[in-house]
Amino acid sequence: MMKAVAVKETTTLHNGIEMPLVGLGVMHMYGSECVRAICEAVDTGYRMIDTAAIYGNEGAVGRGIRECGVDREELFVTTKLWVQDASYERAKHACETSLQNMGLEYLDLYLIHQPLGDIYGAWRAMEELLDEGKVRAIGVSNLNIGRLVDLSMHNRVIPHVSQVEIHPFYQQAAAVQEMKNPGVQPEGWAPFAEGRNDIFRNKVLESIGKKHGKTPAQVILRWDVQRGISVIRKSTNPARIRENYDIWDFELTAEEMKQIGGMDKGKELFFEHDSPEMARMFGNYHIH
């Protein structure tokens, strides 16, 4: 096995805040299952937990934070503003509701969840939440790169993070570079493409993993962090939670990175966020 070059387990956002590179996602986790997953993840070494108002589990996340055995200040907690509350008037109230749901005094990262509604009004409110200390960093999720550039150019605060779909079949190399130009931290959701295209038995990933004594999943996560991308991975299985964090003791070569680069299909696998169908579906979905 090749000796790894050290990669920090955190990255520094453009306002100086340290953000972990690997986090636990909790979509579709509820109640005690969510609490157990958070406790297992924290015990393993994770320090970033990612949820959203629409997930309906912020209360369980708060309980997991209280029961996980580390101080609140050691954790990096993210939640997201839903479309229904994307306006200047509603965003502050929505943030306060999320804080109350989780029993927290502040968020480490608050994201606009979808590129819909009055996101510019919401962004002004989020800038004020940042000023007030209610949140330590603000960002966006699922904005295409053109809209991210526009938001960055015409507001006081450039987004600290942009969370988008990133996996070997949809790598977004050009978009990632555009994010990095003004200092926006790219963050990937669905790093394993939710198992699509038989990703865990992909010959390229299996071959690379065999050289390092790692699984295809670990190869993917290492590929992300070597690209400077923070990544959110969901699991309730203790063994998988541990496996997904065991990526710091090996390094992919330039040739291996290039091989994975060749897997890119250049197309979203889950949602076409700019489609009228998605706008209608998300715009009509109310959480309160």
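Tutor: This is a predicted model. One place to start is Ala190, which lies in the loop between β9 (185-189) and α7 (203-212).

Student: What is phi of Ala190 near?

Tutor: Phi of Ala190 is near 55 degrees, a positive value in a residue other than glycine. Most residues other than glycine have a negative phi.

Student: And is Ala190 buried or exposed?

Tutor: Ala190 counts as buried because its relative accessibility is 11%, and the cut-off for buried is under 20%.

Student: Which loop is Asn142 found in, and what is its phi near?

Tutor: Asn142 is in the loop between β7 and α5 (145-153). Phi of Asn142 is near 70 degrees, again positive in a residue other than glycine. With a relative accessibility of 8%, Asn142 counts as buried too.

Student: What does β7 pair with?

Tutor: Strand β7 (residues 138-141) pairs with strand β8 (residues 161-165) in the parallel sense, over three bridges. Within that pair, Ser141 stands opposite Gln163 in β8.

Student: What do the strands build together?

Tutor: A closed barrel of eight strands, running β3-β4-β5-β6-β7-β8-β9-β10 with parallel pairing. On average, neighbouring strands of this sheet are turned by 25 degrees against each other, direction ignored.

Student: How many helices and strands are there in the chain?

Tutor: Eleven helices and ten strands.

Student: Switching to α9. Which of its residues are buried?

Tutor: In α9 (residues 238-245), the buried ones are Ile241, Glu243, Asn244 and Tyr245. The buried residues of this helix pack against β3 (22-25), α1 (31-44), α8 (216-226) and β10 (230-234). Of these partners, β3 and β10 are strands of the barrel.

Student: What caps the N-terminal end of α9?

Tutor: Asn237 does: one of its side-chain oxygens lies 2.8 Å from the backbone nitrogen of Ala239.

Student: Now the whole chain. How does the radius of gyration look for 288 residues?

Tutor: The chain has 18 Å, which agrees with a compact globule, because a globule with 288 residues would have a radius of gyration near 19 Å. The C-alpha atoms fill a box of roughly 55 × 40 × 35 Å along the principal axes.

Student: How much of the chain is buried, and what about contacts?

Tutor: Buried residues make up 54% of the 288. Among contacts with a separation of 6 or more, 75% come from residues 24 or more positions apart.

Student: And the accessible surface?

Tutor: It comes to about 12600 Å² for the chain, with 50% belonging to carbon and sulfur atoms.

Definitions and conventions
Residues numbered from 1 in each chain as written. Predicted model: local features only at pLDDT ≥ 70, side-chain atom pairs only at ≥ 80, totals over all residues. Heavy atoms only, no water. Buried < 20%, exposed > 50% of the residue type's maximum accessible area, 1.4 Å probe, protein only. Helix = DSSP H or I, 4+ residues; strand = E, 2+ residues; numbered from the N terminus. Contact = heavy atoms within 4.5 Å. Polar contact = N/O pair within 3.5 Å; in protein donor to acceptor, adjacent residues only side chain to side chain. Pairing = 2+ DSSP bridges. Axes fitted to C-alpha atoms, helices over the stretch in contact; angles between N-to-C directions. Rg over C-alpha atoms; globule rule 2.2 N^0.38 Å. Areas by Shrake-Rupley, 256 points an atom, 1.4 Å probe, with all protein chains shown as cover.
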